[in-house]
Amino acid sequence: MMSIRPDEIQGLKQAEGFLSLRGLTRRYGNFNAVDDLNLDVAKGELVAFLGPSGCGKTTSLRMIAGLAPSTSGHIVVDGHDITGVPPYRRDMGLVFQSYALFPHMDVARNIAFGLEMRKVGKAEAQERVREAIALVRLSGKEQHRPAQLSGGQQQRVALARALVVRPSILLLDEPLSNLDAKLREEMRNEIRDIQKRLGITAIFVTHDQMEALTICDKVAVMNHGRLEQLGTPLDIYEHPSTAFVAGFVGRINRLAGTASGGLAEVAGVQVAAPGFDGRVEVMVRPHRVSLSAYAPPAGDDRYALAGTVARATFAGDILEYEVEAGGVLMKSEAATRGGEGVLAPGTPVILSWHRRDTFVYAAS
Amino acid sequence: MNTLALPAREARGMSPAAVAMWLLLPIALVNAVGFLWPVVNLLRMSLNESEATGALIDTVSLATWRNVLTDSFTLELIGNSIGVSLFITLLTLVASYPIAIYLHRSSGLWRTVLLVLVIAPLLTSAVVRTYGWIAILSNQGLVANLLAAFGLAPPRLMFNLTGVVIGLTEILMPYMILALLSGFGRLDPRYEEAALTLGATPLKTFWRVVLPLTAPGMALGCLLCFVLAISSFVTPKLLGGGRVFLLATEIYDQAIVTLNWPVAATLSMIVLVLFGAALALYTRALRRIA
């Protein structure tokens, strides 16, 4: 394998993770599809690349797989710089969004393909294909062609085909987006189980925050080709470091305000905003806003705002109110409980939320 | 009028199969008159005999067939025609495949421009294109002058088999490219990427993934080009200069020059049998691919 020790590369920081991206950039003309991406993934971790379409997450994955060239930067795996290594010598398993199963081969031959290319002996290859098929619970489907399988089954074959070669890193490119909602949840957990059981390092590209939060060890939120925040799902959700992350992961109320002297004024409420000056955005998640007929007791660590119900949306498990207060519309939602009615529009209410649930960002 | 009568009228209508039969009837009639009837006539003609003087003997015998199939000249002619046509087909495939792959992967305006360039030769008669090749390949032609400028002795490129092969290959390439393109529907770049990430080198990827997926298009193109090559007349006649003997040119000579119609008819029937054989081979190949 052509490889250079990362410490031999001038100006390159010592790689810390099993997979390290250092200043990875992909430029198309003046447009940076991926812009100076720095990231470390520890061995055995499942990391999500989360972002809206066009944020550069798939391009990053393709650069890691070696299918797309990088304009600059380095990709380091287990201490080896693989930036210039062609995809067929990278030892990565890639599961495509469209599965990309070879239509002219049956399930067993699809899975055996990677072993054949690695010149694994016939007896061993057979055994490993059998194991892989058992791992994804497709025993009995060996002779089926991809076209004869359901979407979920094709997904499993794609996973088995990528895993059977025992790659150093498993790359998943929106693997669940072609499945229906119920199957998606099932496959999501199955992918996580298999990944944990094999202890394999994996990157999971998705635009679905639920997938990222529920099964990944860490989430890398990307926007406009840049890494916005890397953290555990809890970090990302409870301590979003940018307005984009707060808005993209989970639902949120966005209120415009002005800050001075450590306080921001939004919708007639004074919110703590240390270190901010000028126009700010104050955000709070709807389910952290509670709605009551009375103001919270004084001295409580809560902000309160009086308003009237503008709209009520009953969704069975959740009741959402849009409340007009201080010239803005604010959403509040809560799990429904039995024996509760729905407040009519026009009903005066008090909105309140905890200080720690309030995020303040400089307005862009 | 009662609107309730409408469903009843529909029920009286023809079944879809019957509608299809009626729609197929016109083309079936045209084919019967324009193709089947002449073929039956040819078959009848091949059962006649011809006197040494050239006079036609109206009879029903297999004498002409026997003569043709035992004559070493015609046997060699048939063998040659098949061999040359197969070679031209293979050459056309090799020359067209990269172009078709490139076309398949290009998109937008560029693809349209390229497609027009591929189809454009089909809008010109094969006669004109053959004369174009004469201008290029003749002893005072472009290639000869170019080689002479470098002090090289130009090889004979015309009035021999080389000229026929070059001319026919170029003339058949548009058909092959279009047939290949129509068969490339299954070729998704994701398959190649999947193979690459699974450790297949670009060459292995081509052999194991691209080639099998494009096999249906190749089979169709080869069938089409073989049939067109073995039945082509103008190009072998002009570029062969009477020195290349192929089935189509021989049929022309027998029918127009020697006026031996029974032999011409027999050779025509043999070409038809070769078409049938090619079609059967194609069907079998297609079944194996699928």
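**Briefing: the cores and domains of chain A**

In this predicted model, Phe102(A) touches residues of two chains, namely Asn110(A), Phe113(A), Pro146(A) and Arg161(A) together with Tyr191(B), Ala194(B), Ala195(B), Leu198(B) and Val209(B), leaving aside residues up to four places away in sequence. Phe102(A) also belongs to the largest nonpolar core, which has 76 residues.

**Nonpolar cores**
- Within the largest core, the residues that touch the most other members are Leu19(A), Leu21(A), Phe49(A), Phe102(A), Phe113(A), Leu171(A) and Ile203(A).

**Domain arrangement in chain A**
- The domain assignment divides chain A into domain 1 (6-245) and domain 2 (254-362).
- A distance of 40 Å separates the C-alpha centres of domain 1 and domain 2 of chain A.

**Interface between the domains**
- Contact between the domains involves six residues of domain 1 and eight residues of domain 2 of chain A.
- Together the two domains of chain A bury about 620 Å², of which 46% is on carbon and sulfur atoms.

**Polar and charged features of the interface**
- One salt bridge is counted between the two domains of chain A.
- Glu238(A) forms a salt bridge with Arg288(A), with 2.8 Å between the closest N and O atoms.
- Three residue pairs are in polar contact across the interface of domain 1 and domain 2 of chain A.
- The domain 1 side that touches domain 2 comprises three nonpolar residues, two polar and one charged.

Technical notes. Residues numbered from 1 in each chain as written. Chains lettered and ligands numbered in written order. Predicted model: local features only at pLDDT ≥ 70, side-chain atom pairs only at ≥ 80, totals over all residues. Heavy atoms only, no water. Domains from an automatic or database assignment. Contact = heavy atoms within 4.5 Å. Buried area = accessible area lost by both parts, 1.4 Å probe. Salt bridge = Lys/Arg side-chain N within 4 Å of Asp/Glu carboxyl O. Polar contact = N/O pair within 3.5 Å; in protein donor to acceptor, adjacent residues only side chain to side chain. Nonpolar A, V, L, I, M, F, W, Y, C, P; charged D, E, K, R; others polar. Core = buried A, V, L, I, M, F, W, Y, C linked by side-chain atoms within 4.5 Å. Buried < 20%, exposed > 50% of the residue type's maximum accessible area, 1.4 Å probe, protein only.
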